[in-house]
Number of protein chains: 2
Amino acid sequence: MGSVWVNGKPADTIDVRDRAFTYGDGLFATMAVDGAGAIQFLSCHLQRLTDGAARLGFSWQPSETLLTLLTDTAGRFPRHCLKLQLSRGVGGRGYAPPTAPQITEVLSVSPIPVHYTSWQQQGIKLQTSTVQLAKQPLLAGIKHLNRLEQVLIKSYALDEDCDDWLVCDTDGWLVESSMANLFLLFQDENDQWQALTPAMNNCGVSGVMRQQVIMTLLAMGVHVQVVPVTYDWLARVSHLFISNSLLGTVDVIAADSYHFAVWPGSAQLRENLAIQL
Amino acid sequence: MGSVWVNGKPADTIDVRDRAFTYGDGLFATMAVDGAGAIQFLSCHLQRLTDGAARLGFSWQPSETLLTLLTDTAGRFPRHCLKLQLSRGVGGRGYAPPTAPQITEVLSVSPIPVHYTSWQQQGIKLQTSTVQLAKQPLLAGIKHLNRLEQVLIKSYALDEDCDDWLVCDTDGWLVESSMANLFLLFQDENDQWQALTPAMNNCGVSGVMRQQVIMTLLAMGVHVQVVPVTYDWLARVSHLFISNSLLGTVDVIAADSYHFAVWPGSAQLRENLAIQL
């Protein structure tokens, strides 16, 4: 039973001249398959890949063949993770992209990490990474393949009681966790719930789940601001959670010296999004 | 006659789980083979790969087998380019690097671009790119595989009479050309030659040829400063040249609206470095 497909065929190798291998010239999406074998937010993931490709300067749309492979594979692997990676394909020496690239599509299946369920149930603790993200507006928000910053972040050992890294940009502003987006929450003087999530205009990955969470929070009556968020906001909010496509949303109960209560709306949010693990 | 080797064996594919393919997790060197079939500055290239790997968090030394492959290949391909790419090897899902990575080594051969000879003879014109380099001290100077910024730079069309891009960082300071380092020269009030080359502490690639040029300029009695260089220095210097391992040094005769004379010391510099094309 194969679990990797390259351009629609079971395979475990790619061309050594592939530009993802030589320059990280591509992007990817990580998608959750639900218990019924359907890919959650599939159209959003595909649209984000199309948009990301356009920002990198190439055109990509999912073919019927790929859509069939995605849905068939999801049906065979309920409660798994599907990763779809796109690369600008084979190129020659030199950075200049080919004018008519033949896009490489790689689909792979892996289990959803088992600890995500306990994370959802118990919440997690974050620790700020000493590795800060460079500010590059031209690549900000894209889930591209230039991931050395994340590799460096994950190459350090977390303190024993911590679960993930909190990551800032080189100005010290909050961006994300090592692999998820951030939402900060508090009640204003009128008992109105307010949520902040860092704007992704300088760095960070704008997650598909982040967008779903924003829309669902709005539908729940929460005010949401997508804005630059300074680190000291951690001292001014009562709740913090992270989101991504695999873990859904997970409450953060501590970040460095700050402590947070589980957000009372988290269970409802997950139910509305159908992302309970 | 093969021209690509993966881990010492002729091959044209790599594992789809290779971390260079998934995250750009690796680095590379581009080396010139001289007319006698010897690799120019080989030990410097290998040392820089070792140093770069250490900064990315893995250990690498060239094996005897690799050294033999390098020298044998160079002997068969005089006046060619050898590219040696290292990756942190096969990994699982997730950014965290394997604790005991099996490094992938890819060696490939290609011709040295023919236009480099006329560039050396006639000089070139540069045009400033609208794509600016993000400031990431943790990756600065390393010839790593996260090259989307360079891909974006090269995806634009140069003005018809221009040959390469001049690239600044996001503060607008001079860094490099799209694929070579910069040297700015002028004579001070005592007729002493002064050279400036941008410091690589925030971004850019610190080239092996750059280091050779610095040492050779010093030996020629030129004062060399490795410093941050603002864009307006272009208005204050009389000469400008670029350097990399394949093109040696090439005089820049114009950059945007600035014009420069060929540096009178260029021929001597190339002779001292044995990099005349």
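Guide: In chain B, the crossing in which α6(B) passes α7(B) is right-handed, a crossing being right-handed if the near helix is turned clockwise from the far one by less than a right angle, and left-handed if it is turned anticlockwise. The model is predicted, so that local features need pLDDT of at least 70 and side-chain atom pairs count only at pLDDT 80 or more, while totals for chains, interfaces and linings use all residues. Residues are numbered from 1 along each chain as its sequence is written, chains are lettered from A and ligands numbered from 1 in the order in which they are written, and side-chain values use heavy atoms, with hydrogens and water left out.

Two packed helices are described by the angle between their axes and the distance between the axes. For helix α6 (residues 208–219) and helix α7 (residues 266–273) of chain B, the axes come within 10 Å and cross at roughly 110°. That makes α6(B) roughly perpendicular to α7(B), a description that covers angles of 65 to 115 degrees, whereas angles under 35 count as roughly parallel, over 145 as roughly antiparallel, and the rest as oblique. The axes themselves are lines fitted to C-alpha atoms, for helices over the stretch in contact, and the angles run from 0 to 180 degrees between N-to-C directions. Helices (H or I, at least four residues) and strands (E, at least two) are DSSP runs, numbered from the N terminus.

The residues B:M209, B:Q212, B:V213, B:T216 and B:L217 of α6(B) meet B:L269, B:N272 and B:L273 of α7(B), where contact means heavy atoms within 4.5 Å.

Chain A has a crossing of its own helices. The axes of α6 (residues 208–219) and α7 (residues 266–273) of chain A come within 10 Å and cross at roughly 110°, and α6(A) and α7(A) are therefore roughly perpendicular to each other. Their crossing is right-handed, and its contact is made by A:M209, A:Q212, A:V213, A:T216 and A:L217 of α6(A) with A:L269, A:N272 and A:L273 of α7(A).

From the helices we can turn to the strands. Strands of a sheet pair through backbone hydrogen bonds, either parallel or antiparallel, and two strands are taken to pair if DSSP finds at least two bridges between them. In chain B, strand β7 (residues 124–128) and strand β14 (residues 248–255) pair in the parallel sense over three bridges, with B:L126 opposite B:A255. Three bridges also join β7(B) to the parallel strand β8 (residues 164–168), in which B:W165 is the bridge partner of B:Q127.

Chain B also holds an open sheet of five strands, in the order β2-β1-β6-β5-β4, with antiparallel pairing. Its edges are β2 (9–10) and β4 (26–32), each with a single partner strand, so one side of each is left without a neighbour in the sheet. Within this sheet, β1 (residues 4–6) and β6 (residues 104–111) of chain B pair in the antiparallel sense over three bridges, and B:V4 has B:S108 as its bridge partner in β6(B). Helix α2 (residues 42–56) of chain B lies across β4 and β5 (80–87), running at about 170° to β4(B), while helix α3 (residues 64–76) of chain B lies across β1, β4, β5 and β6, running at about 10° to β6(B).

Chain B can be laid on chain A with an RMSD of 0.0 Å by a turn of 180° and a shift of 0.0 Å along the axis, the copies being superposed by least squares on the C-alpha atoms of residues with pLDDT of at least 70 in both. The two copies are thus related as by a two-fold rotation axis. In chain B, the C-alpha nearest that axis belongs to B:F21, 1.9 Å from it. The same surface serves both copies, as 100% of the contact residues of chain B recur in chain A.
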